[in-house]
Each structure stands twice: as C-alpha cells, then as structure tokens.
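Hello,

I am passing a structure on to you, and my notes follow it.

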Amino acid sequence: MEKMEVDNYNSVLDELLQSNKDDKNLNNSCIKVSKDICSSKLTVVDLVEQLRVLLIDTSSEKRDYGLLILTKVLNNLPTNFLNSDQIKFISSFYADRLKDHHQVVPTALQGILVLFKFDNIVEGCITQILQSLFQNISCQQQQLHDRYSIYQIFEKSLQIRTTEVLAMSFDFVYGVITAIDGERDPRNLLYLFSWLPKFIKLVNLGHLTEEMFEVVACYFPVDFKAPGDNINGISRDTLAQALCPCLCCIESFAQFCLPLAIEKLSSSLKTAQLDSLDLLIESCRMFSSDSFAQHSVEIWSLLEKEVLNGTDAQIVNKCLETLTHVVNKLSQSATTTDCFVQTVEDITDTVKGNLRPDTRLFQPSVKILLYLAKASEKSVDYVIKNVLPQLVNTYNITSTPLHQSFLLESMVDFTKVYVEVTGNIDIKGTKELSFIPNLCLKASIHEDPNIRKVGLDSIGEIAESIPKYLRENVYTNLKIHLTVNQHEKTRESAIKCFKNYCKLFPLEVEQEILDKISTSDNTSLDLFLDALCEVGSNAKLTEKILKIFINSCTNCNDLIRFSVVLKNLKKFLLLSGGNESIYAFLLSDGGLINFIIDLLCRKFDETSVQKFETLLKNVIDVLENIVAAQDTEVQRAILEKYLNPAIVTFRDTKNSVYVILFHGLLCRLKKDLAGDYGLIGDLCEATLQTDNDFVFEFGARLIANLINKLDDEKAVKYNLKVIESCIEVEKIFHKRNVILFSWVIKALIMRGHEYGSLYTNKLINMLESCKDAPLGFELIMSDSYNCLSSESNCNRRLLYRQKFFTDVIKQLCKEEKQQYLLAVGYLLKESPKQVVLMHFKKLLKSIVLCLEKIDDSEILCSILGILFSFLESKETIFEDYIDELVPRFLSLSRFQKSMKVRIKALQCLQAYAIGFTLHKLLHQKQPVVHELEQCLDDPKRMVRKEAVLARNCWFLLDTPT
Amino acid sequence: MELENSNPNIYNKVSERNITADEEDDSVVDEIDSREIFDLIRGINDPEHPLTLEELHVVEDSLIFVDNRNNIVKVLFTPTIPHCSMATLIGLSIRVKLLRSLPPRFKVSVEINPGTHVSENSVNKQLADKERVAAALENTHLIKVINQCITPLTMNRKRA
C-alpha cells in the first residue's frame with residue numbers, strides 16, 4: 001500500500017522532474033507535494049532524494065529548477081513543520097548554494113527568505129548564511145529584485161536573531177555597507193531608507209561610522225526626476241523625506257551631518273536648500289544641543305543671508321522655521337546657555353538696525369525677530385525687552401500712516417508670540433507690552449482707514465489680553481464702526497473684531513452693544529443688521545438678534561426700512577444655516593411671515609411694484625427660505641392658512657402682485673405637495689398681460705416650476721394645452737410669448753418629458769419668423785435659476801443640458817443664416833464647457849462664422865469669453881485651430897462698435913501666447929506683432945492696456961528669458 | 001555677487017488707475033497721458049532686487065512728459081544711488097518696454113533725472129544713440145536680462 005503511494009508520488013514528482021520552470025502547473029504541483037508532506041505521505045528527505053537528479057545536474061538551469069521546486073514546496077509548509085536539525089541542514093545547503101552559478105543565486109536568495117519564516121531557526125544558521133552572502137555575492141551586480149531580496153535578508157536576520165547578528169559586529173556592518181553602496185533604484189532606496197535608521201540605531205558602528213554616513217549622505221540632496229509615467233508613484237519629495245531621518249538618526253552622525261547641511265544650504269539649487277533646511281529641523285529633534293552650539297554662528301549667518309536677500313518665499317519661511325528650531329535647541333541644555341544667550345544677542349543686535357519701516361529690510365528683519373522670539377520663553381523675553389521700546393518710539397515719531405500700520409502690526413505680532421510662548425494672556429505685567437492695547441485702541445479711531453483697519457484687526461486678535469476697563473471703550477468704538485459707512489476693508493476688520501468679541505464675551509456684547517445701539521436712519525440700520533448676520537450662528541445671541549430684526553420693521557410703515565430688514569434677514573437665514581428655533585420663531589403668530597403677507601396684499605398693486613422690485617425680490621427669497629426649511633406637514637399648514645385665501649382674492653381683484661406671493665409660497669414645496677393648484681391658466685393670463693417685467697419674469701418661472709413638478713400626466717397635458725392657447729392667441733410671437741414658451745420647454749426638458757423635443761423643434765422653426773427666438777436657447781441652457789433647482793425639489797434628469805445641446809446643435813449648425821448663428825451664440829453662452837469642447841470640431845465653422853458675421857457685441861463678447869476660458873485652461877485642441885482663430889481675433893481687435901469686444905479679442909490673443917506649443921504658434925508671431933501695432937493707438941485706454949499686454953506676450957514668445 | 005545697495009528705501013505702490021465713466025464710454029477718445037506711460041513702465045523689475053522700479057522710486061509719474069500733438073514722450077529716471085552701475089541697463093529696459101508698447105508715431109527719449117548719477121551724460125548719450133541701442137538688443141545675453149526685467153513677475157510664474 002505504502003509502496004503504491006510513494007509510486008504515486010513518483011508520478012507527480014516525475015512529472016515535475018520532467019517539466020521546467022515555465023510550466024503553468026508548477027505552483028499547483030508544488031502545493032500538492034507540500035500538502036502530502038504535511039499529511040506524512042512523503043517526507044522532506046524523500047523529496048530531496050527525488051530532487052537529487054536535478055540538484056546535482058551539470059547544467060545550472062536544471063540545478064536552478066530543482067532549487068526552485070524545493071523552495072516552493074518549503075514555502076507552502078506550516079512554519080512549525082521543520083525541526084531544528086532539518087532547518088540547520090537545509091540552511092547550510094542554501095548557504096552553500098550562494099557559491100553556485102549566478103543563475104542559481106536568485107532562487108537561493110528566495111529560498112533563504114522562505115527559510116526565515118520557520119520558527120525553529122537555530123543559532124549559527126544565520127551567521128553562516130550571512131557570511132556566505134558577504135563572501136560570494138556582490139550585491140550591486142545583481143538584478144533589481146535580487147538586491148531587494150538581499151536587503152530583506154538583512155532586515156529579517158536582524159529582526160529574528162538580533163543577538164546572533166549583533167555578535168557578528170563589524171563584519172555585519174561592513175557587509176551591509178558594501179552591499180548597499182551604490183544602490184540606484186528609487187524603489188530599493190525607499191526600502192533602505194525606511195530600514196536604515198533602525199539598523200543604525202541598533203548596531204555599533206565603531207570605526208565604520210563615517211563610512212556608514214557617507215554611504216547614505218551621497219544621496220543628499222536627492223536629485224531624482226520621476227519618469228513620465230511614474231508607475232510606482234515615487235517622487236523626489238518622497239525620497240527626500242525618507243532620506244532625512246537616516247542622516248540624523250544617531251548622535252555620532254552630528255559631526256558629519258551638520259557640516260553637510262550647512263554646505264548644501266549655500267547651494268544655488270532651491271531643492272537643495274529646502275532639503276538642507278528640512279535636515280536641520282529634523283536634526284534638532286535628534287542631536288544634542290552641544291552639537292549645535294559648535295555650528296550656531298555658521299547657521300545663523302547663512303539663515304540671515306537667505307532671509308534678508310531672499311527672493312523665494314518658500315525658502316524664506318523654511319529658514320525662519322529653522323531659526324526657531326535651532327535657537328530652541330540651544331536653549332534646552334544648561335551647557336549651551338552661554339551660546340544661546342550669545343546667539344540671541346547677536347541676532348537681535350544685527351537686525352535691530354534695520355527696523356526703519358521705510359526700508360526694504362524692515363519686514364524680513366521683523367520676521368527674524370519674531371521667529372527668534374518664538375524659540376523659547378527666554379528668547380521672547382529678551383527680544384521684547386530689547387526691541388519693543390524701539391518700535392514704540394519709532395511708531396510715535398513716524399508720520400506716514402502706512403509705516404505706522406507696519407509698526408503696529410509687528411508690535412501686535414510680538415504680543416501674540418509672547419502670549420503663545422508663555423501661555424500667559426495677561427500682558428499687563430510686562431512693562432514693554434502694557435502699552436500695546438492702548439495703542440491699538442487709539443489706532444482703531446485714527447483718521448486714516450489703513451491704520452483703523454490694523455487697529456481693529458489687532459483689537460480683535462489680542463481680545464483676551466485687553467483688560468475689562470479698555471474693553472468698554474472697544475464696545476463704544478464698535479458701536480460706531482458697525483453703523484457707519486466706511487472703507488470696505490476697515491468694515492471687514494470691524495466685523496471680524498465684532499465676531500471675536502461675540503465669541504469671547506457674548507454677555508458683554510449683548511449688554512454693551514446690542515442693547516444700547518440705536519439706528520435712526522436706514523443706512524446705519526442696514527450696516528448694523530449686516531454685521532449682526534455675521535454673528536447669527538452664535539447660539540447665545542441668536543434670539544436677541546432675531547428680536548432686533550423683527551422690532552426694526554414691524555413697528556413702522558416705512559417700506560424702504562422693511563426692504564433693508566428683509567435683505568439682511570435673507571442673509572441671516574443663509575448664514576445661520578436652518579436652525580429650527582429660528583423658523584419656529586418666524587412662523588409663530590407674532591412672527592414675521594404674517595406681517596410680510598399682510599403687507600404684500602394690502603400695500604401693493606401694479607404701479608407700486610415697479611418702485612419696489614428689490615423689496616419684492618427679497619420677499620420672495622425670504623418666503624422661499626422659510627417654506628423650504630419646513631417639512632411636508634408644516635408646508636401644508638402654511639398653504640392652507642395663506643395660499644387658499646390668497647387665490648380667492650387674486651381671482652377677484654386680478655392684482656398681479658399675488659404672482660409674487662404665489663412664487664414665494666409654491667416654488668420650494670416638497671414633491672408630495674406638487675400640483676397645479678388650478679392656477680396655471682390664471683398665471684399665464686396674468687403674466688402675459690401685466691405691464692411689469694418683474695411680475696412677468698417671476699410668473700413665467702413659477703409656471704415652469706409647477707409644470708416641472710406636476711406628477712399627473714393628464715394634468716401636464718391639459719395644462720400644456722392651456723398654456724399653448726394663451727401663447728398662440730394672436731399667432732404673432734411677441735418677446736414675452738417666446739420667453740414664456742422657452743420656460744415651458746425648459747421645464748419639460750429638465751424632467752425628460754416627451755413633449756420637450758417637440759416643442760424645441762417649434763422653437764427652432766420660430767427662429768426665422770421671430771427675432772427674439774435666439775434668446776430662448778440661452779434661457780433653456782442656463783442652469784442658474786433657483787426656481788428649477790434641486791433645492792426647489794424639481795425633477796432634473798441627469799445631463800439634460802448636454803442632451804439638449806447635442807440635439808439642438810445638429811440642426812443649428814446646418815444653417816448659416818444670421819438668426820441661426822445668433823442662436824448658436826446664445827446657446828454657447830450658457831453651455832457646459834466640457835460639452836462645447838467635445839463638439840468643438842463640429843462647432844468650429846459656426847463659431848468662426850459668428851466671429852465674422854455677427855455684429856451684436858454682447859454675443860461676440862460671450863463667444864470670445866468662452867474661447868478665452870478654453871485658451872486660459874490651455875486646451876490642447878486649440879493648437880490645431882491657430883490659423884482659423886488668430887486672424888479672427890486680430891480683426892475683432894479692431895471691432896469699431898464696441899471696446900469690450902476689442903478687449904476680449906486681445907485677451908484671447910494674450911492667452912494664446914502662453915502655454916501652447918511654441919513651434920505651432922511661431923509662424924503667427926510676425927503678423928500678430930505687426931497688426932497689434934495699430935491697437936497700441938486705439939482711442940480707448942483700456943483697449944490699449946490689453947493690446948500692450950498681448951503684444952508683449954507675443955514678443956516674448958521665442959525670445960530668451 | 002555682492003549687492004551694490006543692499007537696503008534701499010521702498011515706497012508705496014500707487015493703486016491701480018481708477019476706471020472712469022469716460023473710459024468706459026465708446027464714443028470718447030482717451031488721450032495717452034503720463035500716467036498711462038507710467039503704468040507701462042512701473043512694473044519693470046529692478047535687476048538687483050525683487051522689487052519694481054516704482055517701489056524704488058526709480059520712475060515716477062511726475063517725471064514723465066507726454067506731448068500728444070507733437071508725438072513726443074520723455075521719461076526721466078532716478079537711479080537709487082549715484083554710482084549705480086545698473087543705470088544703463090534700467091534705461092535700456094525702459095526703452096525696450098516703451099518701444100514695444102507705444103504706437104510708433106511717438107519719439108521716445110529716456111534720460112537720467114539730472115543730478116542723480118555720476119556719469120549722467122555718458123549714460124544719456126548711450127541711451128539716445130539708436131545704433132547702440134539696436135546693437136545692444138542684438139546681444140543675446142543682454143536681451144535675456146532685459147526680457148527678464150520687463151516680464152511681469154506674474155507672467156513668469158505662469159510660464160514656469
């Protein structure tokens with residue numbers, strides 16, 4: 001029986017023995033063999049016996065194959081399967097194989113790695129393997145993958161038998177150094193860099209320290225350009241980041257590492273400089289203060305040079321960061337105290353002389369001092385004692401507002417650093433700083449807006465350090481700042497400051513500002529409410545603010561005031577982000593919504609609408625906002641309470657103002673409440689007959705919204721008939737009829753209704769008979785209308801605009817008539833950029849014809865605008881149409897009728913000159929430069945400005961810079 | 001290279017020119033004035049510092065004279081220090097920039113503000129000599145430096 005099984009094995013093995021490396025079943029067969037070894041049908045010894053034929057063959061290929069089978073079988077065995085004797089035997093066998101032919105070596109290396117998986121590795125095995133490896137293999141002559149295996153063997157052996165490997169002492173270190181010396185592949189390097197710090201920290205480098213450092217340091221600074229496809233995703237920065245810790249992982253590297261960093265810091269390559277700075281920062285974490293003390297002078301002089309002459313902001317910032325780290329390092333140890341004090345004094349003395357705000361070195365010098373102060377408590381003390389008095393003096397004798405603001409800014413920066421470093425917000429105790437709050441306060445009421453701005457910013461930033469008695473003055477100032485019209489930036493700062501105080505001292509703000517402020521006229525009310533919007537999200541103040549809003553409009557009859565309140569309420573709702581309690585408050589009986597609706601119905605008719613369009617727009621927005629935030633039930637209740645009575649009155653009075661109210665109430669309803677409310681016929685009539693464009697516009701939008709959301713197919717068709725009969729009543733298409741019709745088409749197309757394309761064809765057929773028809777295409781294409789957005793719960797088919805575009809463009813591009821070109825122009829105006837780009841080839845003819853034939857400057861501008869945005873984003877397709885487009889731009893750059901067209905055309909020419917393939921542009925350089933000469937003498941200054949830019953761009957096209 | 005003047009005074013930049021209603025009106029003709037010329041050259045970079053000629057007060061609005069009717073433009077510039085060796089280069093940059101940016105009907109002269117440079121006359125003479133200017137522009141190294149000076153920093157970034 002047993003005999004038979006062994007024979008069976010023979011057959012599996014025989015097959016294996018006959019086969020070769022490329023056999024597809026090799027893996028499976030090996031797994032099979034392993035399984036049977038596990039189930040003791042075969043022993044490892046049997047296997048080796050069988051493999052004998054291969055393993056001692058004269059051909060290295062066969063030996064390699066035999067070794068491969070053994071390795072694969074071992075790989076599939078459980079890790080505790082082999083006993084220590086077996087392991088010892090196999091490992092010495094593998095160690096021996098390293099001496100074999102070079103073809104066998106890769107498999108042997110794989111085998112060793114497989115062997116390392118087993119639990120019972122005994123003393124001596126690893127030493128034997130490593131010694132054989134060091135003696136027989138020259139690592140850098142192996143292939144990429146085998147080198148990787150060798151590095152893995154190093155790492156694994158150190159990991160599994162640390163003491164044994166460490167006992168090898170310098171042999172191991174020397175072996176590793178020799179093996180990795182000269183590695184060039186980024187993948188292997190990345191692996192090495194991540195392992196080396198562990199290795200270096202673990203072993204005793206002894207006399208090999210410098211060699212070890214040199215082997216790694218030769219990569220610094222990393223000079224590596226990732227290949228175009230960069231499959232393994234390794235960039236220069238990844239390598240640089242990995243290398244940095246290797247260079248400074250142990251103290252004894254300091255003597256080599258710091259001089260290296262210092263040397264490369266004065267390099268002219270930006271990356272080298274940045275890498276050195278990173279290395280210095282990283283070194284601060286690892287090396288002792290004493291190592292730095294030796295080099296502090298050198299480091300400082302280099303950093304000084306970089307910061308003071310610096311042109312590159314990135315380097316300058318990194319230098320400053322390094323300065324903080326190095327000085328902080330010096331401050332840490334008692335032995336380097338002298339050096340620390342010396343350095344801080346040195347730096348302060350050198351830079352102090354530059355603190356005149358009218359010179360170039362002022363800002364960099366202040367930065368140096370700030371970052372120096374950041375280093376430690378002692379340094380911040382020293383800097384503040386020595387520098388601030390000088391700054392305060394200079395501030396007092398400077399008369400230029402701009403320079404004063406520079407000085408004030410830097411003083412506040414020092415204060416902030418002080419608070420940050422010492423963690424002490426109370427600055428009264430420090431004599432030099434105690435003046436600062438007062439200076440800021442004075443600045444905030446200075447006559448110059450720049451200083452006022454800086455003053456306000458500062459008060460806000462150091463709010464916590466301003467004592468109570470001064471804060472009262474702040475509130476008095478803020479009351480004025482918030483209600484007076486002033487420069488935009490100053491106002492921004494005032495609001496920012498106000499926000500900060502609301503956050504830190506809400507109670508004081510409520511008592512001192514909110515309760516006490518009084519706004520007599522509408523401008524100051526507007527400004528005040530606008531500021532309140534910004535702090536609306538502050539829960540402690542929300543209710544108070546809402547009350548202010550309501551009180552300021554309900555008790556007066558001034559419509560302008562009402563408009564102001566609504567405008568800001570809209571902003572408030574937007575910024576505070578749908579807080580339930582806010583809406584409950586607004587919907588309650590004493591709340592705003594009653595008041596708004598009542599006012600709308602009582603006070604307005606057709607004639608007053610014109611005067612208060614903004615007010616009505618605000619009414620719509622606020623109503624929409626309120627309705628949108630409610631759930632279905634509340635929405636239904638609102639409709640019952642307000643809509644139904646309004647419909648009755650609307651039918652009685654025919655007052656078209658109700659259209660506005662309906663828009664506000666209906667547009668944002670949830671889908672469950674969608675319906676026509678029997679209104680569409682009345683709405684059509686009202687919108688087409690009103691004298692007021694505003695009412696018409698919103699009526700049409702509401703109709704579109706209702707049609708889009710209507711679920712019942714029968715109702716849709718019925719309503720469409722109603723609309724059609726209204727529109728076609730006179731058979732002549734006025735502008736309004738076309739627009740209303742377009743709105744309906746838009747609503748249908750968005751929901752993907754079958755009538756959509758039918759109606760679109762009607763619109764295209766209208767093109768020749770109706771001069772306003774092209775406008776419809778812009779309207780349908782545009783996606784900027786709220787009334788059909790997803791917030792209004794409308795039906796929106798995915799990519800409906802893209803579909804409409806492709807459908808329409810086929811028909812429009814066939815014709816060359818003016819009206820069709822105009823339609824293309826209007827269509828392009830709102831089309832998604834990607835679609836236009838996709839169909840650009842098809843569109844090119846129409847676009848070029850548009851540029852040549854249309855003389856409507858608005859459309860020309862929009863087409864040029866689209867082309868410009870493509871040119872700006874450097875779409876490569878445009879390289880192929882240089883000869884079609886550039887001459888048209890040139891002729892439009894002299895377009896008589898409108899300077900805007902000339903400007904746009906010139907901007908397109910500018911965009912063409914930068915970022916496209918040079919040789920494709922070059923033949924146009926002469927004509928462009930020549931023709932633009934005329935534009936330099938354009939009667940309009942703004943055109944000349946663009947012409948100058950364009951011409952200079954084309955001049956620089958191929959000239960060396 | 002050691003800088004000749006390492007800590008020059010810097011001055012404010014003027015704000016962008018406000019666009020007036022007249023400028024937006026298609027029917028009004030805007031004459032070329034000194035501010036417009038100033039706007040053309042104020043953005044030129046100093047060869048030594050990452051600053052513009054405007055920030056160093058090398059060119060100033062008040063030192064530019066324009067005579068539209070007789071087609072004359074005259075620009076005076078002030079070197080930051082009297083022995084500045086860059087004066088000719090700065091002058092050349094201004095010239096080249098104006099050459100490329102002004103309509104050809106103008107006769108442009110670029111000179112040193114009297115009394116602000118030690119070798120004022122010789123620099124002026126060089127800048128006024130058409131042949132020498134043309135010859136200088138043939139020099140690849142020189143035109144490279146000039147192009148760097150007159151390319152606005154923003155555009156450089158775009159190219160890179």
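A term to begin with: a salt bridge here is a side-chain nitrogen of Lys or Arg within 4 Å of a carboxyl oxygen of Asp or Glu. One such pair is A:Lys571 and A:Glu534, whose closest N and O atoms are 3.4 Å apart. A:Lys571 sits in helix H29 (residues 559-576) of chain A and A:Glu534 in helix H27 (residues 522-534) of chain A, so the pair ties together parts that are 37 residues apart in sequence. Helices (H or I, at least four residues) and strands (E, at least two) are DSSP runs, numbered from the N terminus. Over all chains, the salt-bridge rule gives a count of 68.

Please keep in mind that this is a predicted model, in which local features need pLDDT of at least 70 and side-chain atom pairs count only at pLDDT 80 or more, while totals for chains, interfaces and linings use all residues. Residues are numbered from 1 along each chain as its sequence is written, chains are lettered from A and ligands numbered from 1 in the order in which they are written, and side-chain values use heavy atoms, with hydrogens and water left out.

Now for the domains of chain A. Chain A is divided into domain 1 (288-421), domain 2 (435-517), domain 3 (521-673), domain 4 (723-854) and domain 5 (859-961); these bounds come from an automatic or database domain assignment.

How far apart are the C-alpha centres of domain 1 of chain A and domain 2 of chain A? They lie 29 Å apart. Their contact (heavy atoms within 4.5 Å) takes 12 residues from domain 1 of chain A and 14 residues from domain 2 of chain A. Between them the two domains bury about 1100 Å², 79% of it on carbon and sulfur atoms. Buried area is the accessible area (1.4 Å probe) that two parts lose on being put together, summed over both. Of the area that domain 1 of chain A buries against domain 2 of chain A, 36% is supplied by A:Pro401, A:Leu408 and A:Val412, more than by any other three residues.

The count between domain 1 of chain A and domain 2 of chain A is one salt bridge. In a salt bridge between A:Glu461 and A:Lys416, the N to O distance is 2.9 Å. On the side of domain 1 of chain A that touches domain 2 of chain A, the elements giving two or more residues are helix H20 (377-397) and helix H21 (401-422) of chain A. The largest share of that side, 10 residues, comes from H21(A).

The two chains also meet. Their contact takes 43 residues from chain B and 34 residues from chain A, and the chains bury about 3200 Å² between them, 52% of it on carbon and sulfur atoms. How many salt bridges are counted between chain B and chain A? The count is seven. B:Glu16 forms a salt bridge with A:Lys945, with the closest N and O atoms 4.0 Å apart. On the side of chain B that touches chain A, helices H1 (21-24), H2 (34-41), H3 (87-101), H6 (140-150) and H7 (153-159) of chain B are the elements that give two or more residues. H6(B) provides the largest share of that side, five residues.

A cis peptide bond joins A:Phe220 and A:Pro221, with omega about -10 degrees. A:Pro221 is in the loop between helix H12 (209-217) and helix H13 (236-247) of chain A. A:Ser169 has a phi near 55 degrees, a positive value in a residue other than glycine, and lies in the loop between helix H9 (162-167) and helix H10 (170-180) of chain A.

Finally, the records. An unreviewed UniProt entry annotates residues 48-309 of chain A as "domain: MMS19 N-terminal". UniProt positions are given in the numbering used here, feature names are shortened, and annotations may be inferred rather than shown by experiment. That span is 70% helix and 0% strand, and its end C-alpha atoms lie 73 Å apart. For chain B, the UniProt annotation "domain: MIP18 family-like" (unreviewed entry) covers residues 36-112. The end C-alpha atoms of residues 36-112 of chain B lie 20 Å apart, and the span is 27% helix and 27% strand.

Best wishes
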